Amino acid sequence: MVNIVLPVDFGDKTEQLVEGAVKFAKQVNGRIFLIHVAPSDIGFAIGDMGFQYFPEVEENEIREELIQLNKIQQRILAHDVECEHILKQGIAKDIILEHAQDKKADFIVMGSHGRSGIYDVFVGSLTKGITKDSNIPVLVLPIHE
């Protein structure tokens, strides 16, 4: 079975990315390892008293993101594709590459919906970083408007 790591950010193109990954997984008899990387500073805010940490904000955000991950996993499973999910906090590129190594991934599937810079417009800054530093093949799916 082919192991596919699929990072998601819950952006407006996530559904297209998931559809493309499911199609690819079906073609190669693959299973999907869904991952979302939340920033480490979710519960921090800057106020009159400087930096403050609000654990309840972080807990609520993480809980909501886990619910979203579970919904995506259920949609993937409904297409008869094996899938498991995980949420981690940290630097997205590093966490994704580490997760791909841990899962012995054959592919990392990313989207090409960049936001800035001429190269990033076509590929995306996270996708660019992953493709630059990965020793695992990266399948970049075009998910533009």
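Reader: Is Phe24 buried or exposed?
Author: Phe24 counts as buried, since its relative accessibility is 13%. Buried means under 20% relative accessible area, exposed means over 50%, and partly exposed lies in between, with a 1.4 Å probe and protein chains only.

Reader: Where do these values come from?
Author: This is a predicted model, in which local features need pLDDT of at least 70 and side-chain atom pairs count only at pLDDT 80 or more, while totals for chains, interfaces and linings use all residues. Residues are numbered from 1 along each chain as its sequence is written, and side-chain values use heavy atoms, with hydrogens and water left out.

Reader: How many aromatic pairs are there?
Author: The count is 1 aromatic pair. Rings of Phe, Tyr and Trp (its six-membered ring) pair if their centres lie within 6.5 Å; planes under 30 degrees apart are stacked, over 60 edge-to-face, and the rest tilted.

Reader: Which rings are they, and why is the pair edge-to-face?
Author: They belong to Phe24 and Phe107; the centres are 5.1 Å apart and the planes stand at 85 degrees, so the pair is edge-to-face. Phe24 lies in helix H1 and Phe107 in strand S6, 83 residues apart, so the pair links distant parts of the chain. Helices (H or I, at least four residues) and strands (E, at least two) are DSSP runs, numbered from the N terminus.

Reader: And how accessible is Phe107?
Author: Phe107 is partly exposed, at 25% relative accessible area.

Reader: New topic: what is the phi of Asn29?
Author: Phi of Asn29 is near 55 degrees, a positive value in a residue other than glycine. Most residues other than glycine have a negative phi. Asn29 sits in the loop between helix H1 (14–28) and strand S2 (30–38).
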